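Thanks for coming. I will go through one structure today, starting with a helix and ending with some annotated residues.

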Amino acid sequence: MTQFYFVRHGKTEINEAGRFNGGTVDSPLIPTGVEATKRMAQYLKDVPFDVALTSPQMRAQTTAQIILSENKRPPELTIIEDLREMRLGDWDGEKIDQITEAYPEDLKNYRTRPDLFDAEKFHAESYSHLIERSKAVIDSVTEKYPKEKILVVSHGILLMALLNTLNGVPLAKIRERGILENSSLTILTHSTDKTAIETWGQTF
């Protein structure tokens, strides 16, 4: 089975400001985000990664670079467009509390019932499309590297949706476990017919 090390990027300025941090916005990591990622990098420094993949967004690339800078045998970092965070359309970059006040029912569905979230209403990406594109990446990597160790650095909503789906959770329930924290590590083994979680959302 392929062993995946999934990492959510370090905390950013947009995270700190309480704004939606989706697929069309970006900002630098804040100092605490850098430090938390450095602690993870120390934890992972002896892992012999065969492949390292990252979202094209700079917060993910920075996180990946910090991890690989400490690794004893770092592979080349490859940018994968389909690891980009969920595009939130009109909500991207906006204050979360303001959207909550203006669209309470839509925000509720976004957070608790992904199957009912009307993405088109806000020119956003649907959860179903997010899962489809991110799972295609993992399926392709699993086929190409059936016994290797893979580092994947991406984003909170994408990882939550992807990892729960790989674990057999239906769309309506993928948010019940909550979003993974910044600078967190989830390790799982995966094949075409089986997924096993070793570590979920470990922070450092």
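This is a predicted model: local features need pLDDT of at least 70, side-chain atom pairs count only at pLDDT 80 or more; totals for chains, interfaces and linings use all residues.

Helix α5, residues 104-112, has as its buried residues Asp 106, Leu 107, Asn 109 and Tyr 110. Looking down the axis of α5, these buried residues fall within an arc of 160°, so they line one face of the helix. What covers them? The cover over the buried residues of α5 includes α4 (96-102), α6 (127-144) and α7 (156-166).

Now the annotation. An unreviewed UniProt entry lists a "binding site" made up of Arg 8, His 9, Gly 10, Lys 11, Thr 12, Glu 13, Ile 14, Asn 15 and Arg 59. From this set, Arg 8, His 9, Asn 15 and Arg 59 are part of the lining of the largest pocket.

I will take two of the listed residues in turn.

Glu 13 sits in helix α1, residues 13-16. Is Glu 13 buried, exposed or partly exposed? Its relative accessibility is 45%, so Glu 13 counts as partly exposed. Setting aside neighbours within four places in sequence, Glu 13 contacts Ser 27, Pro 28 and Ile 30.

Arg 59 belongs to helix α3, residues 58-70. With a relative accessibility of 0%, Arg 59 counts as buried, because buried means under 20%. Not counting residues up to four places away in sequence, Arg 59 touches His 9, Thr 12, Asn 21, Gly 22, Val 25, Asp 26, Ser 27, Leu 29, Glu 85 and His 155. For Gly 22 there is a distance to give: the side chain of Arg 59 reaches the backbone oxygen of Gly 22 at 3.0 Å.

That is where I will stop.

Definitions and conventions:
Residues are numbered from 1 along each chain as its sequence is written. Side-chain values use heavy atoms; hydrogens and water are left out. UniProt positions are given in the numbering used here, feature names are shortened, and annotations may be inferred rather than shown by experiment. On a 1 Å grid over the protein atoms alone, a cavity is a set of points where a 1.4 Å probe fits but cannot get out, and a pocket is an open set with protein on both sides within 12 Å along at least five of seven lines; lining residues have an atom within 4 Å of a point. Helices (H or I, at least four residues) and strands (E, at least two) are DSSP runs, numbered from the N terminus. Buried means under 20% relative accessible area, exposed over 50%, partly exposed in between (1.4 Å probe, protein chains only). Contact means heavy atoms within 4.5 Å. A polar contact is a pair of N or O atoms within 3.5 Å; within protein, one must be able to donate a hydrogen and the other to accept it, and residues adjacent in sequence count only if both atoms are side-chain atoms. The arc is that of the directions from the helix axis to the C-beta atoms.
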